[in-house]
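Here are my notes on the model you sent over.

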Amino acid sequence: MTDSRRAELYALLAELLAEPLDWMSLSGREWPLFDLLTQFAAESDSARRHLDLLAGIPSEGLNQRRKRYDALFASGRPRFWLYESAARSGKILGPQTFEMARLYRARGLEPAGAELPDHISLELTFLSYLAGQIAPSTSLRTSNLSHEQQFLENHGAWMIDLGRALGQSGDPVYARIGALLADWLTEQMQLHPACTSDAGTGEHSRMDAPRNTQHTARNTFIPIIPNPDDCTLCGFCAQVCPTRALKVMQNKEYDFLSLNPMECIHCGKCERICEFHAMVMSSPSPHASGDMGEGQILCQSPHARCLTCGKSIASQAEMKYIVSQIGEAAWQHLCLDCRAGLYV
Ligand code: SF4
Ligand code: SF4
């Protein structure tokens with residue numbers, strides 16, 4: 001299975017999961033993907049399995065294809081998230097968004113358009129790039145494969161989950177695309193396991209490596225944030241809090257992290273997940289910060305607003321962190337709806 005054909009297949013999957021292009025109104029049998037799968041059929045079980053399914057996709061108008069796409073993936077609260085960070089952590093601008101932006105930059109790549117770096121079409125395009133790099137020698141070719149496989153090891157699972165979920169969606173077009181995506185990526189990961197086992201891209205690594213194990217003397221401690229400038233309001237601490245004592249909330253002007261001390265069971269998970277070391281377990285202070293109706297406010301930051309419509313995108317603290325990690329980019333200043341408008 002040559003690198004260039006694998007690269008082409010990733011690129012076609014990327015196109016299928018972006019806003020529908022003209023060629024998508026053709027029947028599945030007329031798609032370039034069908035020809036490619038035919039070429040792969042002798043050597044790939046997943047290609048063989050999906051040939052007939054793909055051939056069964058009927059032609060229909062581009063507007064109808066776009067309606068299907070919008071029904072499944074349109075911004076707001078879509079049935080299926082196409083952003084890795086949203087799919088994995090529930091945050092549209094989350095750790096995978098930044099990680100992907102850094103990966104592209106490290107290779108001198110810049111996503112065209114204003115789509116978020118962790119959109120599946122960009123991740124698949126990146127896979128196409130990794131698979132298709134021309135390698136002048138056998139040893140370098142092995143190295144390219146390892147980059148592709150390492151990326152799959154770190155980022156393949158959510159795409160496979162998405163593909164499987166889409167496969168159950170009942171949509172006659174995207175269910176088949178999703179099932180193919182899941183099968184193809186699963187097969188690639190099984191055929192070529194990654195050279196290293198460092199699949200952690202942040203969340204699990206942090207959770208497996210607690211910094212402080214001295215819990216016995218701390219069983220009445222609650223979390224505090226001594227220096228609010230250290231907190232990016234990423235919300236991971238609230239996500240791992242088993243009692244929901246911690247919550248990231250919004251009012252008209254601010255995003256804020258609140259703690260209800262009565263619900264805290266002093267487990268310290270929030271402290272351990274915080275990669276910025278902003279949160280520490282401490283004895284309760286009688287001079288706790290202000291109250292917005294949901295307990296103590298540990299940290300707050302004004303909204304960063306969409307330059308076009310003024311809707312809140314994230315907190316200014318998150319935006320500051322994004323810029324510090326990856327520099328300025330066009331997509332940072334627009335909400336999902338206004339970004340989508342750029343493609344019309
Ligand atoms: S305390 Fe840490 S984990 Fe919690 S929101 Fe702030 S930066 Fe994120
Ligand atoms: S110590 Fe445990 S229960 Fe208390 S806020 Fe942190 S994660 Fe939640």
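1. Start with the α3/α9 pair. Helix α3 (residues 45–55) packs on helix α9 (residues 174–191) at an angle of about 175°, and the axes are 9 Å apart. That angle makes α3 roughly antiparallel to α9. On the terms: helices are DSSP runs of H or I with at least four residues, strands are runs of E with at least two, and both are numbered from the N terminus. Axes are lines fitted to C-alpha atoms, for helices over the stretch in contact, and angles run from 0 to 180 degrees between N-to-C directions. Angles under 35 degrees count as roughly parallel, over 145 as roughly antiparallel, 65 to 115 as roughly perpendicular and the rest as oblique.

2. Which residues make that contact? From α3 come Asp-45, Ser-46, Arg-49, His-50, Leu-53 and Leu-54, and they meet Arg-176, Ala-179, Leu-180, Asp-183, Trp-184 and Glu-187 of α9. By class, the α3 contact with α9 has five nonpolar, two polar and five charged residues. Contact here requires C-beta atoms, placed from the backbone, within 7 Å. For the classes, Ala, Val, Leu, Ile, Met, Phe, Trp, Tyr, Cys and Pro count as nonpolar, Asp, Glu, Lys and Arg as charged, and the others, Gly among them, as polar.

3. Some bookkeeping. This is a predicted model, where local features need pLDDT of at least 70, side-chain atom pairs count only at pLDDT 80 or more, and totals for chains, interfaces and linings use all residues. Residues are numbered from 1 along each chain as its sequence is written, while chains are lettered from A and ligands numbered from 1 in the order in which they are written.

4. Now the whole chain. It has 14 helices and six strands, and 36% of its 344 residues count as buried. Buried means 20 or more other C-beta atoms within 10 Å of the residue's own, exposed means 12 or fewer, and partly exposed is in between, with C-beta atoms placed from the backbone. Take the contacts between residues at least 6 apart in sequence: 66% of them join residues at least 24 apart.

5. The largest nonpolar core has 45 residues, of which Tyr-10, Leu-13, Leu-17, Ile-177 and Leu-181 touch the most other members. Such a core is a set of buried Ala, Val, Leu, Ile, Met, Phe, Trp, Tyr and Cys residues joined through C-beta atoms within 7 Å. At least two residues each come from α1 (3–16), α2 (32–40), α3, α4 (62–73), α7 (120–132), α8 (138–167) and α9. Helix α9 gives the most, with eight residues. Apart from this core lies another, of 24 residues, including Leu-259, Cys-264, Cys-270 and Cys-299.

6. Have a look at Leu-16, in helix α1. Is Leu-16 buried or exposed? It is buried, because 24 other C-beta atoms lie within 10 Å. Leaving aside neighbours within four places in sequence, Leu-16 is in contact with Met-24 and Ile-177.

7. Next, the ligands. Around ligand 1 there are 15 residues, and Cys-231, Cys-234, Cys-237, Cys-274 and Met-279 come nearest. That shell has 13 nonpolar, two polar and no charged residues. Ligand 2 has 14 residues around it, with Cys-241, Cys-264, Cys-267, Lys-269 and Cys-270 coming nearest. Its shell has ten nonpolar, three polar and one charged residues. A residue is near a molecule if its C-beta atom, placed from the backbone, lies within 6 Å of it.

8. Two phi values to check by eye. Most residues other than glycine have a negative phi. Leu-233 has a positive phi near 60° and sits in the loop between β1 (222–224) and α11 (236–240). Leu-233 counts as buried because it has 25 C-beta neighbours inside 10 Å. His-277 also has a positive phi, of about 55°, and its place is in the loop between α12 (269–273) and β4 (280–282). His-277 is exposed, with 11 other C-beta atoms within 10 Å.

9. Last, helix α13 (residues 316–326). Ala-317, Glu-318, Met-319 and Ile-322 are buried there, and the buried residues of α13 pack against α6 (95–106), β5 (296–305) and β6 (312–315). Gly-327 follows α13 and has a positive phi, near 75°.

Key:
Two residues are in contact if their C-beta atoms, placed from the backbone, lie within 7 Å.
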